[in-house]
Amino acid sequence: MLITDYFKKFLHSSQSSGILLILCVLISLFIANSSMGEAFQNLLDTKIGTELFHLNYPVSIWINDGLMAVFFLLVGLEIKREIVEGELSSFKSASLPIVAALGGMVVPALIYVLFNQGTDYANGWAIPMATDIAFSLAIISMLGKRVPLSLKIFLAALAIVDDLGAILVIAIFYTDQINWMYLGLSALMVAILVTFNLLNKVRHFWYVIPGIFLWYFMHNSGIHATIAGVVLAFTIPTNTSATVSSPLEEMEHKLHLPVNFLIMPIFALANTNIIFKSGMVDGLFSNFGYGIIFGLFFGKIIGINLFSWIFIKLKISTLPDQSSWSQMLGAGLLAGIGFTMSIFISLLSFKGHPEIQDEAKFAILVASVLSGFAGFSLLKYIGKKREARAEAE
């Protein structure tokens, strides 16, 4: 097999983006704690752009507000596709991942609040609510046929709903001050985008150009600019056909590679450059650390499975096909990999407090590693038992 064939196989493997993210996390940690750390931080703090349109920002802002808007565009496209033709297209099919995602947001947030109510860390209550789509799906994909396809679809749908919830939380609770003029211009852009949709404009430039203006206006309105990505996504035309590709599906396909192999790795490099300091490990054993770690590790598995159990007992939902409750526990553990979204929310929660952001990142990293390892191990063990039972029969 040629090198180019290996490269193509890597790019199209469902596990590759997760492997690359892990590698970037390790590289970022290494750089931050080496002699290159200060130079790397100076690079992230370097301003680029122009003052002409108030677009002169540090590299880190361009990454977190600019590139991440493209990530949220992809997430929005996936959400819309699932609503129109996928796992979220009917109440029966959507009820379990939706209610599971709700439980997986509410219980972790409550656990965090239980530990941090009335403290300087109270604003970070949303940190353990998020599930990292890339990491959780990459890990469950590594298990291959040991996990039923229905469980993978359930976890994917849950993560998408979870991300939608996180997006709404960011828009509602992490917006500082509203500039109504720019918000009005944002609404005008949305109206233009909806009009193009109604006129059945299918070329992407009809949406991308107004989408750039939407990002600019929303960025200046006070609402976090990444929300523009989701709003734009919901205006892209789609269809219910399984054979005819829609503009939404074409855009989604085009964005997967740059988002998974460029934007997310850059985000990981820029935001996990945690400098290990004396006392940081002790921070894990503080109320702040407990709130994040217990919220992600225990909160996710309890919330997801408790809410799922209630709806299944009420006969509103059913377990994913050929799945068991023990596998649902494994999926709940994998949902505790908060990484990308949790770090993103921690940056918004503690603006101007880099030392708290670092503590949050470290706790998120530890919780995500614990959740990922535990979920993978449990699902692998259950899969092996099922294989052995099948061979015996």
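Reader: What percentage of the 393 residues of the chain count as buried?

Author: Happy to start there! Buried means under 20% relative accessible area, exposed means over 50%, and partly exposed is in between, using a 1.4 Å probe and protein chains only. By that rule, 52% of the 393 residues count as buried. Please keep in mind that this is a predicted model, in which local features need pLDDT of at least 70 and side-chain atom pairs count only at pLDDT 80 or more, while totals for chains, interfaces and linings use all residues. Residues are numbered from 1 along each chain as its sequence is written, and side-chain values use heavy atoms, with hydrogens and water left out.

Reader: How many helices and strands does the chain have?

Author: Helices (H or I, at least four residues) and strands (E, at least two) are DSSP runs, numbered from the N terminus. Here the count is 16 helices and 2 strands. The radius of gyration is 21 Å, close to the 21 Å from the globule rule for 393 residues, so the chain is as compact as a globular protein of that length. That radius is taken over C-alpha atoms, and the rule is 2.2 Å times the number of residues to the power 0.38.

Reader: What share of the contacts with a separation of 6 or more comes from residues 24 or more positions apart?

Author: A contact means heavy atoms within 4.5 Å. Such residues account for 80% of those contacts.

Reader: And how many salt bridges does a search of the whole structure find?

Author: A salt bridge is a side-chain nitrogen of Lys or Arg within 4 Å of a carboxyl oxygen of Asp or Glu. The search finds 4 of them. One of these pairs arginine 81 with glutamate 252, with 2.7 Å between the closest N and O atoms. Arginine 81 sits in helix α4 (residues 59-85) and glutamate 252 in helix α11 (residues 247-271), so this pair links distant parts of the chain, 171 residues apart. Glutamate 252 is buried, at 5% relative accessibility.

Reader: Where do aspartate 162 and lysine 300 lie?

Author: Their side chains meet in a salt bridge of 2.6 Å, N to O. Aspartate 162 is in helix α7 and lysine 300 in helix α13 (residues 287-313), so the pair ties together parts 138 residues apart in sequence. Aspartate 162 counts as buried at 0% relative accessibility, and lysine 300 is buried with a relative accessible area of 0%.

Reader: Which residues do salt bridges with shared partners join into one network?

Author: Those are Arg81, Glu82 and Glu252.
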